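Please look at the sequence and the model first.

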Amino acid sequence: MRIAFIGLGNMGGPMASNLARAGYELALFDLDANKVDAVRATGAAAGNQAISSGATAAEAATGVDVVFTSLPNPKIIEAVGLSEQGILAALPKGAVWIDLSTNNLECERRILAAATSKEIAFLDAPVTGGVEGAAAGTLMVMVGGDPQVFARCKPVLEKIGNRVMHLGPHGAGYVAKISQVVLCYLNSVALSEALMLGVKGGVAPETMLGIIQDSTGASYVANRYGPAILDGSYDPGFALGLAHKDMALTLELAGSVGAELPMCEQVEAVYKKAVDKYGFDQNHLMAVKLLEEQNGTFLRST
Ligand code: NAD
């Protein structure tokens, strides 16, 4: 199976590296050449000589059986996939495009229409598990699309995740991913408010976090993100702008399925304000800094 991998960032880089280590023939593309070099180096260290790169996404995708994309947002995914020099124009009939990005249903419908007209199969296969799961190959992969295409692609998906699930028709993966990821942001904001309340009341930040981690507030967010708030790093594994994108996708999805989600509306506004104030590329937990500034108290270990 010849594979192309487009988008080698925090998630795509380690996922592509796992495919390189597994020995697949791999063609890479990212706008940032350093990210291509990093994956190539990992493959070379593992003895994989069959790794190349394209000057464009289309060049990388030419003649492959499967192309993976792990890209920031629907606009970029469409530009990379559907433009005249996009990957669909380069893929041979019978190939499969697997999008690992967090994406929306409108984009999915446009991809599907274009792919079907070229006799190319498409799976939405967004992931969860963070950069550490991407590095360890332990992601959860939530797949929507034709079950036979899924069955064909499952072995390669199992190189990037250890929970690879077929959830239903096209779009089911994107829906599950957005519905799951929303808790990341609601929890992050809730965690910061609980910490702020305790700290303002005189409890030491690390004591308060320990209590939350060991009680009804226990969660991945408290365990993984709590320390990154208290050390002031705000977690570099994920960009603030991508966090806001996820919240915007949540509201879009809510609109299209007729769900009213008042808490999500408030949290989307928090992330939007944080992106406007601190910038798209900052770490996602910078959203907590808004609350810290508002309270004149920084949640730092003593
Ligand atoms: P990232 O910003 O680290 O990586 C995106 C990569 O895409 C970058 O290397 C960038 O150079 C490249 N890129 C941008 N435009 C391009 C183009 N036109 N052509 C080729 N390459 C291009 O983002 P990430 O954190 O790796 O996230 C990727 C996707 O995975 C997003 O949809 C995100 O929502 C989703 N996701 C991220 C996480 C996480 O914890 N980081 C977890 C689950 C899902």
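## Aromatic pairs

Tryptophan 97 and phenylalanine 122 are both buried, where buried means under 20% relative accessible area, exposed over 50% and partly exposed in between, computed with a 1.4 Å probe on protein chains only. The model is predicted, so local features need pLDDT of at least 70 and side-chain atom pairs count only at pLDDT 80 or more, while totals for chains, interfaces and linings use all residues. Residues are numbered from 1 along each chain as its sequence is written, and side-chain values use heavy atoms, with hydrogens and water left out.

The whole structure holds 4 aromatic pairs. Rings of Phe, Tyr and Trp (its six-membered ring) pair if their centres lie within 6.5 Å; planes under 30 degrees apart count as stacked, over 60 as edge-to-face and the rest as tilted. One of the pairs joins tryptophan 97 to phenylalanine 122, edge-to-face, at 5.4 Å centre to centre and with 80° between the planes. Tryptophan 97 belongs to strand S5 (residues 96-99) and phenylalanine 122 to strand S6 (residues 121-124), so this pair ties together parts that are 25 residues apart in sequence. Helices (H or I, at least four residues) and strands (E, at least two) are DSSP runs, numbered from the N terminus.

Tyrosine 185 and tyrosine 271 also pair: the ring centres are 5.2 Å apart and the planes stand at 75°, so the geometry is edge-to-face. Because tyrosine 185 is in helix H9 (residues 172-200) and tyrosine 271 in helix H13 (residues 262-278), the pair ties together parts that are 86 residues apart in sequence. Tyrosine 185 counts as buried at 1% relative accessibility, and tyrosine 271 counts as buried at 0%.

## Asparagine 48

Where does asparagine 48 lie? Its place is in the loop between helix H2 (33-45) and strand S3 (51-53). Asparagine 48 is buried, with a relative accessible area of 8%.

The side chain of asparagine 48 reaches two backbone oxygens: that of alanine 20 at 2.9 Å and that of tyrosine 24, also at 2.9 Å. A polar contact is a pair of N or O atoms within 3.5 Å; within protein, one must be able to donate a hydrogen and the other to accept it, and residues adjacent in sequence count only if both atoms are side-chain atoms. Leaving aside residues up to four places away in sequence, asparagine 48 touches Ala20, Gly23, Tyr24 and Gly43, with contact meaning heavy atoms within 4.5 Å.

## Pocket and cavity

Rolling a probe the size of a water molecule over the atoms shows where empty space is left. On a 1 Å grid over the protein atoms alone, a cavity is a set of points where a 1.4 Å probe fits but cannot get out, and a pocket is an open set with protein on both sides within 12 Å along at least five of seven lines; lining residues have an atom within 4 Å of a point. Grid points are joined across faces, edges and corners, and a volume is the space filled by probe spheres set on the points.

The second largest pocket has a volume of about 200 Å³. Its lining includes Val189, Glu193, Lys273, Lys277 and Leu291. H9, H13 and helix H14 (286-295) each give two or more residues to this lining, and H14 gives the most, with 6. The lining of the second largest pocket has 6 nonpolar, 2 polar and 4 charged residues (Ala, Val, Leu, Ile, Met, Phe, Trp, Tyr, Cys and Pro count as nonpolar, Asp, Glu, Lys and Arg as charged, and the others, Gly among them, as polar).

The whole structure has 1 cavity of 30 Å³ or more. The largest cavity holds about 50 Å³ of space, and its lining consists of Asn104, Leu105, Glu106, Ile178, Leu249, Glu252, Leu253 and Ser256. Helix H6 (105-117) and helix H12 (240-257) are the elements that give two or more residues to the lining of the largest cavity; H12 gives the most, with 4.

In helix H4 (residues 74-82), the buried residues are Pro74, Ile77, Glu78, Val80 and Gly81. Asparagine 73 caps the N-terminal end of H4, with a side-chain oxygen 3.1 Å from the backbone nitrogen of lysine 75.

The buried residues of helix H11 (residues 220-230) include Val221, Tyr225 and Leu230. After H11 comes glycine 232, with a positive phi near 75°. Tyrosine 234 lies in the loop between H11 and H12 and has a positive phi near 60°.
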